[in-house]
Amino acid sequence: MSAANWTADFLGRLIADAITVEQTSLPSASLWQIESHHWQQFASLAVGQDVRWVAGWAEHVGDRFLINACFEKQGVYVLSRTIVNAAKPELPSQATVYPAASRSERHTQDMFGVHFTGHPDHRRWTRHQAWAKHDYPLRKDFPVQGEPESITPPDKDYQFVKAHGEGVYEIPVGPVHAGIIEPGHFRFQAVGELILNLEERLGYVHKGIEKIAEGRTPESLARLAGRVSGDTTVGHCWAACRAMEQAAGIEIPPRAALLRGILAERERVANHLGDMGAICNDVAFIFAHMQFSRLRELWLRTNAAVFGHRLLMDRIVPGGVVCDLSEADCALIKQEAVQLSKELSEILPAIDLNSSLEDRLYTAGYLSPEIAAALGTVGYVGRASGQDRDVRRDAPYPPYDQASFRVALEEQGDVASRFWVRYKEINASLKLIKQFIAQLAAGGTLAGWRTPTAGSESLGIVEGWRGELIAYIRFDADNKIARYYPRDPSILNWPALEKLVLDNIVPDFPVCNKSLNGSYSGNDL
């Protein structure tokens with residue numbers, strides 16, 4: 001069924017089930033408003049149509065809550081919305097149909113006080129012990145600074161799943177880890193070295209992103225978006241700016257779009273290089289770790305020299321970019337891409353022919369295509385398990401709508417597949433950068449800003465280096481932000497770790513975890 005037809009067919013099925021849908025259009029999606037008592041039924045029909053659950057969030061408006069869930073199929077996005085009364089906020093859970101919705105609904109439960117009936121897990125997720133039982137930080141009447149205790153009580157009573165039986169024991173890992181890694185808790189049950197169960201506990205670096213976004217100007221919001229997850233500063237900032245530009249009816253200059261594409265692909269290359277080295281390091285292949293680290297460092301130094309920031313932070317702004325490329329810069333970037341490709345071609349055979357490395361990476365951390373699809377995994381995690389999905393191709397936006405590239409795909413679903421997908425994506429990125437430079441023509445890099453009308457809203461959807469990024473923006477009056485919700489790819493990918501480590505040995509957990517490499521910060525808004 002074509003992309004143009006699946007929504008019409010789906011609407012027909014909704015009508016047949018007596019579900020009334022009010023349709024309006026957003027720049028990047030259709031907005032379907034439905035009655036709250038049909039919320040779970042809507043999800044049941046959607047999953048039957050092989051529609052993917054993408055994101056969920058809420059918003060406090062007056063005496064009610066707007067509950068949103070975004071869905072996608074064949075590159076077409078639908079934003080479903082329902083309204084619940086703030087006096088008794090209750091809604092049927094979609095997590096009974098879509099496992100991917102579970103943590104999102106728990107976040108809405110904790111931050112807004114919305115009760116999802118039938119939800120399989122009502123434990124606190126985001127709140128930990130930072131707020132009193134009936135404090136809901138994302139309600140409009142809750143102050144930004146809150147009323148914090150001098151010391152937050154320890155979250156020692158969280159009820160992890162228990163396993164029982166002869167020889168079964170429990171291993172707590174984290175939340176504090178070695179090095180500079182951010183905090184996250186992993187609770188294992190194992191027999192000998194075999195992992196029987198893993199449960200994650202995240203949220204330790206909750207930053208209040210959604211709350212402190214309220215009332216910001218577009219420029220200030222863009223800076224905040226670039227700090228949702230520091231390793232995805234280009235991706236999150238681009239998604240937020242796209243949403244704001246669409247809400248304001250602004251089209252950025254072609255040159256600015258090409259520069260954004262170059263920035264995004266350079267961010268992708270840098271992070272994949274780091275991950276490939278870290279995967280090798282976790283199985284003690286230090287040679288590869290040092291080589292990939294060296295190549296990444298050289299890449300970041302070029303970022304600093306050409307764009308003014310190693311991680312490319314604050315290069316994207318509402319209306320375009322604040323950087324440009326000279327002919328000398330373009331020549332340097334093209335030469336660097338040739339050199340990187342050459343060096344990778346020399347390093348990769350040493351990895352591919354290493355039998356001890358093969359023993360550690362192949363078949364380890366297997367994620368089946370069925371589970372990957374059920375969890376809605378995106379990016380290299382999904383594509384390593386056969387999920388042929390990429391926003392740049394499926395819902396193309398400038399400059400990708402004028403580019404040609406092959407989406408990297410693997411079918412084996414193991415650590416090795418996630419390694420090789422990264423390598424293929426680096427090669428694709430180098431070709432894209434070359435295309436974008438060739439298309440650069442003289443012109444401006446920043447469009448003038450127009451103040452959106454109050455209530456204007458939009459979705460910014462881009463393909464970050466970890467996968468699909470979603471940014472929802474609603475404007476208030478006077479050019480201020482009323483609501484910002486960023487959905488990092490890690491929010492969908494983290495649950496996959498709990499599945500892919502099963503029946504692996506405990507010593508393989510680090511490499512399984514690194515092959516997924518979820519962002520703690522991107523998850524812990």
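Glu59 counts as buried, at 2% relative accessibility, where buried means under 20% relative accessible area, exposed over 50%, and partly exposed in between, with a 1.4 Å probe and protein chains only. You will find Glu59 in strand S3, residues 52-61. Helices (H or I, at least four residues) and strands (E, at least two) are DSSP runs here, numbered from the N terminus.

Before I go on, a word on the source: this is a predicted model, in which local features need pLDDT of at least 70, side-chain atom pairs count only at pLDDT 80 or more, and totals for chains, interfaces and linings use all residues. Residues are numbered from 1 along each chain as its sequence is written, and side-chain values use heavy atoms, with hydrogens and water left out.

Back to Glu59, then. Which side chain does Glu59 join in a polar contact of 3.0 Å? The partner is Arg474. A polar contact is a pair of N or O atoms within 3.5 Å; within protein, one must be able to donate a hydrogen and the other to accept it, and residues adjacent in sequence count only if both atoms are side-chain atoms. Leaving aside residues up to four places away in sequence, Glu59 also touches Arg64, Phe65, Leu66, Phe112, Tyr472 and Arg483, along with Arg474 itself. Contact here means heavy atoms within 4.5 Å.

Let me move to Gln94. This residue sits in the loop between strand S6 (90-92) and helix H3 (102-112). Is Gln94 buried or exposed? Gln94 is buried, with a relative accessible area of 1%. A polar contact of 3.4 Å links its side chain with that of Trp53.

Next comes Arg260, in helix H7, residues 254-281. Arg260 counts as buried too, at 1% relative accessibility.

At 1% relative accessibility, Ala372 is buried. Outside the four places on either side in sequence, Ala372 touches Leu367, Thr377, Ser385 and Gln387. From Ala372 to Leu492 is 120 residues in sequence and 9.8 Å in space, C-alpha to C-alpha.

Now for some backbone details. Most residues other than glycine have a negative phi, and most peptide bonds are trans. Where are the cis bonds I want to show you? One joins Gly174 and Pro175, with omega about 10°, and Pro175 is in the loop between strand S8 (168-173) and strand S9 (185-191). Another runs from Pro398 to Pro399, with omega near 5°. Pro399 lies in the loop between helix H13 (391-394) and helix H14 (415-439).

As for phi, His128 has a positive value of about 50° although it is not a glycine. His128 is in the loop between strand S7 (115-117) and S8, and is buried, with a relative accessible area of 8%. Asn517 also has a positive phi, near 50°. Look for Asn517 in the loop between helix H16 (509-516) and helix H17 (520-523); with a relative accessible area of 14%, Asn517 is buried.

Finally, let's zoom out to the whole chain. How many helices and strands does the protein chain have? The count comes to 17 helices and 15 strands. The radius of gyration is 23 Å, close to the 24 Å that the globule rule gives for 525 residues, so the chain is as compact as a globular protein of that length. That radius is taken over C-alpha atoms, and the rule is 2.2 Å times the number of residues to the power 0.38. Along the principal axes, the C-alpha atoms fill a box of roughly 70 × 65 × 55 Å. Buried residues make up 58% of the 525 residues. Of the contacts with a separation of 6 or more, 67% come from residues 24 or more positions apart.
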